Amino acid sequence: MNLNQLKKKAAWAALDYIYPNTIVGVGTGTTIFYFIEALSTVKNLIYGAVSSSSSSTSLLKKQGIKVFNLENFSSLTIYVDSADEINNCMQMIKGGGGALTREKIIATMAKKFICIIDKTKKVNVLGKFPLPVEIIPMALSYILQEMVKIGGIPKYRKNFVTDNGNIIIDVYNLYIKDPLSMEKKINSLPGVVTVGIFASRSADVILVGTRNGIKTINKKSRLKEIEKH
Ligand code: 5RP
């Protein structure tokens with residue numbers, strides 16, 4: 001089974017978490033492409049979706065799923081998205097697709113964040129995947145310098161403008177032992193719009209597509225496991 005088939009498995013499994021008569025928060029990326037396909041099969045049972053990117057918005061519309069503007073809502077029942085990396089505490093690196101800011105807004109507003117992944121995204125320590133940081137263009141040199149100070153090797157993502165009109169720096173060579181404090185530290189730099197560490201808003205449920213089916217990891221059961229040790 002190839003990676004796309006595993007992503008598809010996880011994406012379809014997320015349908016079990018969709019309640020009727022709700023508005024579903026929808027992430028961005030190749031895994032979400034499969035989720036939008038799956039969601040279209042229940043589109044008559046839900047009101048519609050809020051989207052984390054213009055690319056997901058067009059996919060949703062193509063599937064005949066109504067897209068609502070987020071500014072009209074203050075909370076959501078569910079957010080479904082993938083990740084570039086996820087650790088044992090359900091903290092993530094996101095933003096490989098460049099939609100991290102809108103993803104973080106919707107994830108934070110949602111009561112439940114369902115993270116759908118193939119097994120390659122599970123890691124012990126975040127940082128092997130280059131950390132995306134969305135910044136205001138005029139802060140480029142300053143943020144490049146600050147990323148070097150924290151031990152990273154920053155690279156400007158060429159020919160890429162976010163849906164918010166900003167740019168992205170991908171930071172290589174990080175070993176993020178304390179994602180919460182690293183998230184706070186990078187977010188506090190002037191010029192940073194959003195860092196792609198999702199630690200203060202981690203996932204609630206992980207659905208991992210594997211050859212043998214779906215592995216479900218719940219935040220509560222994970223916390224109980226940690227407490228036991
Ligand atoms: C986009 C994201 C995606 O969730 C992440 O990049 C994973 O993407 P894919 O499903 O294509 O592997 O954060 O900004």
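These legends go with several views of a predicted model.

**View 1. The whole protein.** The protein has 7 helices and 14 strands. Its C-alpha trace spans about 50 × 45 × 35 Å along the principal axes. For 229 residues, a compact globule would have a radius of gyration near 17 Å; the protein has 17 Å, so the two agree.

View 2. Of the 229 residues, 53% are buried. The protein exposes about 11200 Å², and carbon and sulfur atoms supply 53% of that area. Take the contacts between residues at least 6 apart in sequence: 73% of them join residues at least 24 apart.

**View 3. The open sheet.** Here 7 strands line up in the order β3-β2-β1-β4-β7-β13-β14. The sheet is open, and its pairing is mixed. The edges belong to β3 (67–68) and β14 (213–218). Each has a single partner strand, so one side of each is left without a neighbour in the sheet. Helix α1 (residues 3–13) packs on this sheet and touches β7 (110–118), β13 (205–210) and β14. The direction of α1 makes about 140 degrees with that of β13.

View 4. Strands of a sheet pair through backbone hydrogen bonds, either parallel or antiparallel. Strand β2 (residues 48–51) and β3 run parallel, joined by 2 bridges. Look for Val-50: its bridge partner in β3 is Phe-68.

View 5. Helix α2 (residues 30–40) lies across β1 (23–26), β4 (76–81) and β7. Helix α2 runs at about 160 degrees to β1.

Key: Residues numbered from 1 in each chain as written. Predicted model: local features only at pLDDT ≥ 70, side-chain atom pairs only at ≥ 80, totals over all residues. Heavy atoms only, no water. Pairing = 2+ DSSP bridges. Helix = DSSP H or I, 4+ residues; strand = E, 2+ residues; numbered from the N terminus. Contact = heavy atoms within 4.5 Å. Axes fitted to C-alpha atoms, helices over the stretch in contact; angles between N-to-C directions. Rg over C-alpha atoms; globule rule 2.2 N^0.38 Å. Buried < 20%, exposed > 50% of the residue type's maximum accessible area, 1.4 Å probe, protein only. Areas by Shrake-Rupley, 256 points an atom, 1.4 Å probe, with all protein chains shown as cover.
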